[in-house]
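Hi,

Here is the model I promised to pass on. My notes on the sheet and the core follow below it.

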Amino acid sequence: MAEGSIRTCVVCRRRAAPEELVRLRFEGPVLSATAHEGRGYWVHRASPACMDRAAIAKAVTARGHKVAPEMVRLP
Ligand SMILES: [Zn+2]
């Protein structure tokens with residue numbers, strides 16, 4: 001696996017390969033896996049703790065992009 005393919009989960013801060021993660025992006029105020037542009041954040045797809053909307057909203061807001069839990073749309 002190439003070094004450049006490692007990503008960091010925004011919730012737990014652990015690093016993982018892209019196939020273990022879901023990329024969420026902003027489309028206006030909504031953070032979802034379906035948007036194609038904008039700042040991307042990665043979360044572990046198989047981890048209930050990382051796929052938690054409140055945890056994602058808190059982590060992303062802490063990184064400078066304010067978002068409410070109800071604006072996080074998970075696949
Ligand atoms: Zn995680």
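The sheet is an open one of four strands, ordered β5-β3-β4-β6, with mixed pairing. Its edge strands, each pairing on one side only, are β5 (40-44) and β6 (72-73). Strands here are DSSP runs of E with at least two residues, helices are runs of H or I with at least four, and both are numbered from the N terminus; two strands pair if DSSP finds at least two bridges between them.

Before going on, please note that this is a predicted model: local features need pLDDT of at least 70, side-chain atom pairs count only at pLDDT 80 or more, and totals for chains, interfaces and linings use all residues. Residues are numbered from 1 along each chain as its sequence is written.

Five bridges join β3 (residues 21-27) to β5 in the antiparallel sense. Among them, V22 is partnered with V43 of β5, and R25 with G40.

Which residues of β5 are on its covered face? They are Y41 and V43, while G40, W42 and H44 make up the uncovered one. In a regular strand, side chains alternate between the two faces of the sheet.

V43 is also one of the residues with the most contacts inside the largest nonpolar core, alongside C9, V10, V11, I56 and V60; this core has 14 residues. (Such a core is a set of buried Ala, Val, Leu, Ile, Met, Phe, Trp, Tyr and Cys residues joined through C-beta atoms within 7 Å; buried means 20 or more other C-beta atoms within 10 Å of a residue's own, with C-beta atoms placed from the backbone.) Two or more core residues come from each of β3, β5 and α1 (53-62).

Best wishes

How values were computed: A residue is buried if 20 or more other C-beta atoms lie within 10 Å of its own, exposed if 12 or fewer, and partly exposed in between; C-beta atoms are placed from the backbone.
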